[in-house]
Amino acid sequence: MLFRRINFKKFTDGRGDLIPLEFGSDFDNADIPFDVKRCYFISGPTNDGIRGQHAHRNLEQVIIAANGSFTLVLDDGEAEKEEIKLDSNTVGIHIKNLVWRELKDFSHDCVILVLASEHYKESDYIRNKDEFYNCVKNNEY
Ligand code: T46
């Protein structure tokens, strides 16, 4: 499966919206199905910039448009490719390892929240597309 869409609960009252995220691989009611070791925000992206352009060897992530919108392009290196417009903070896209991702078409107010299963490690990145295709072909990781 290229990705899984997760719909979060939202509690709305006269003060606004509250969207809770429960984490954990061994918690039945978890919204995020792994133990989160790191999170980061991406803010102020330029509309014509492209982020991502890599895959991960082991890491899995959930990517959320916390504000505004952007387009997420996913490729499994074989048959599946998908372009997903993200414009709601109640939707997370769960991506496992060995999926090439690109982020583009950011709105001016876009803020992206990413929840990651591992600490930052540059050696987990595959930043060359040919190397990515080879890893998929050879069924590595
Ligand atoms: C991903 C997409 C959605 C750190 O030092 N720690 C971190 O946790 C991260 C994520 C990045 N960095 C440093 C490494 C680079 O010098 O921040 C700089 C920019 O990182 P990068 O070019 O990888 O940013 P994006 O937006 O292209 O990709 C990021 C994540 O790296 C990646 O895992 O899936 O967001």
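Analyst: Serine 43 counts as exposed because its relative accessible area is 52% (exposed means over 50%, buried under 20%, partly exposed in between, with a 1.4 Å probe and protein chains only). This is a predicted model: local features need pLDDT of at least 70, side-chain atom pairs need 80 or more, and totals for chains, interfaces and linings use all residues. Residues are numbered from 1 along each chain as its sequence is written, and side-chain values use heavy atoms, without hydrogens or water.

Serine 43 lies in strand S4 (strands are DSSP runs of E with at least two residues, helices runs of H or I with at least four, numbered from the N terminus). Serine 43 touches Cys110 and Val111, leaving out residues up to four places away in sequence (contact means heavy atoms within 4.5 Å). Histidine 108 is 65 residues from serine 43 in sequence, yet their C-alpha atoms are 9.3 Å apart.

Now the ligand. Its shell holds 13 residues, and the closest are Arg38, Arg51, His56, Gln61 and Tyr125 (a residue is near if one of its heavy atoms lies within 4 Å). Arginine 51 places a polar side-chain atom 2.6 Å from a ligand oxygen. For arginine 127, a side-chain N or O atom is 3.2 Å from an oxygen of the ligand. Taken alone, the ligand exposes 650 Å², and the protein buries 66% of that (areas follow the Shrake-Rupley method with a 1.4 Å probe).

Which elements give two or more residues to this shell? They are strand S4 (38–43), strand S5 (51–56) and S10. S5 gives the largest share, four residues.

S10 spans residues 100–104 and holds arginine 101. Arginine 101 is buried but has no salt bridge; aspartate 124, the nearest side chain of opposite charge, is 7.8 Å away (a salt bridge puts a side-chain nitrogen of Lys or Arg within 4 Å of a carboxyl oxygen of Asp or Glu). The arginine 101 side chain instead reaches the backbone oxygen of valine 99 at 3.2 Å. Beyond its neighbours within four places in sequence, arginine 101 contacts residues including Arg51, His56 and Gln61.

Elsewhere charges do pair up. The model has nine salt bridges. One joins aspartate 31 to lysine 9, with the closest N and O atoms 3.9 Å apart. Aspartate 31 sits in the loop between strand S3 (16–18) and S4, and lysine 9 in the loop between strand S1 (4–7) and strand S2 (11–13), so the pair ties together parts 22 residues apart in sequence. Aspartate 31 is buried at 9% relative accessible area, while lysine 9 is partly exposed at 45%.

Glutamate 118 and lysine 37 form another, at 3.4 Å. Glutamate 118 is in the loop between strand S11 (111–116) and strand S12 (125–126), lysine 37 in the loop between S3 and S4, 81 residues apart.

Glutamate 131 and arginine 57 also bridge, at 3.0 Å. Glutamate 131 belongs to helix H1 (residues 129–137), and arginine 57 to the loop between S5 and strand S6 (61–67), 74 residues apart. Glutamate 131 is partly exposed at 33%; arginine 57 is buried at 15%. Finally, salt bridges link Asp75, Lys81 and Lys129 in a network.

Technical notes: Lys and Arg count as positive and Asp and Glu as negative; His and the chain ends are not counted. A polar contact is a pair of N or O atoms within 3.5 Å; within protein, one must be able to donate a hydrogen and the other to accept it, and residues adjacent in sequence count only if both atoms are side-chain atoms.
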